[in-house]
Amino acid sequence: MKSLLAAIKLELQNAATLSFVRDSDIFITEHENFLLPSIRFPAIAIKDGPIVYKVATKSQENDTLLVKIIMYVQLQKPEAGIMGDAATSAKGVLEVAALVRDLLKSNRLSGLVDSAWPESETESEILALDEVEAVQMKIITMRYERY
């Protein structure tokens, strides 16, 4: 799992389509609701998920690794956190999620895994950072398999 998380982080940081997200704002997190004060938005977190081990034959094991990719977009005016803001070209959480999903779907991360597919995507929701500031967040669960 450790090498998988590192490979996903590097892939997201190197993606030209995500150049609007600072490299330092793409990080591995302990919990999807935990954000360090130094984070600026938009941000993308990577969280380890469960691992399922299955024996396919006496000599082959099939491992399924689930990883959560969490996108955060700052709320500044109605609808913009979800839909984006045409006036400022700021991306909403739906657009950021689509870019991440397209980047990781079928991406075998230089052969580290045998298959990669988005398993599910949550509805967007608000995460309150304090009494004044909140962000819109959305989570994609990616399924990685190794044979």
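This is a predicted model: local features need pLDDT of at least 70, side-chain atom pairs count only at pLDDT 80 or more; totals for chains, interfaces and linings use all residues.
Okay, let's start inside. The largest nonpolar core has 29 residues. If you want the ones with the most contacts inside that core, click on Ile-8, Leu-12, Ile-44, Ile-69, Val-100 and Tyr-144. Five elements are on the list of those giving two or more residues: helices H1 (2-14) and H3 (93-104), plus strands S2 (43-57), S3 (60-74) and S6 (134-146). Helix H3 gives the most, with six residues. There's also another core lying apart from that one, with 11 residues, and Leu-35, Ala-43, Tyr-72 and Val-135 are among them.

Let me zoom in on Leu-12. What does Leu-12 touch, once we leave aside neighbours within four places in sequence? Quite a list: Leu-18, Ile-26, Ile-44, Ile-46, Ile-69, Val-100, Leu-103 and Leu-104.

Now over to strand S2, where we find Gly-49. Glu-95 comes 46 residues away along the chain, and the two C-alpha atoms are separated by 24 Å.

On to charges. The whole structure has 11 salt bridges. One of them joins Asp-63 to Arg-146, with 3.5 Å between the closest N and O atoms. That's a link between distant parts of the chain, 83 residues apart, with Asp-63 in strand S3 and Arg-146 in strand S6. Are the two partners buried or exposed? Well, Asp-63 has a relative accessible area of 10%, so it counts as buried, while Arg-146, at 27%, is partly exposed.

Next, Glu-119 and Arg-143, whose side chains meet in a salt bridge at 2.2 Å, N to O. Glu-119 sits in strand S4 (residues 115-121) and Arg-143 in strand S6, so this pair ties together parts 24 residues apart in sequence. Glu-119 is partly exposed at 37% relative accessibility, and Arg-143 is partly exposed at 29%. Arg-143 also forms a salt bridge with Glu-145, where the closest N and O atoms are 3.9 Å apart. And there's a network of salt bridges linking Arg-101, Glu-121 and Lys-138.

Last stop, the surface. Ile-82, Met-83 and Leu-94 make a nonpolar patch of about 270 Å². Ile-82 is in helix H2 (residues 80-83), and with 31% relative accessibility it counts as partly exposed.

That's my tour, so over to you.

How values were computed
Residues are numbered from 1 along each chain as its sequence is written. Side-chain values use heavy atoms; hydrogens and water are left out. Patches are made of residues with over 30% relative accessible area and no salt bridge: like charges are joined within 9 Å, nonpolar side chains (Val, Leu, Ile, Met, Phe, Trp, Tyr) within 5 Å. Accessible areas come from the Shrake-Rupley method with a 1.4 Å probe; for residues, only the protein chains shown count as cover. A salt bridge is a side-chain nitrogen of Lys or Arg within 4 Å of a carboxyl oxygen of Asp or Glu. Helices (H or I, at least four residues) and strands (E, at least two) are DSSP runs, numbered from the N terminus. Buried means under 20% relative accessible area, exposed over 50%, partly exposed in between (1.4 Å probe, protein chains only). A nonpolar core is a set of buried Ala, Val, Leu, Ile, Met, Phe, Trp, Tyr and Cys residues joined through side-chain atoms within 4.5 Å. Contact means heavy atoms within 4.5 Å.
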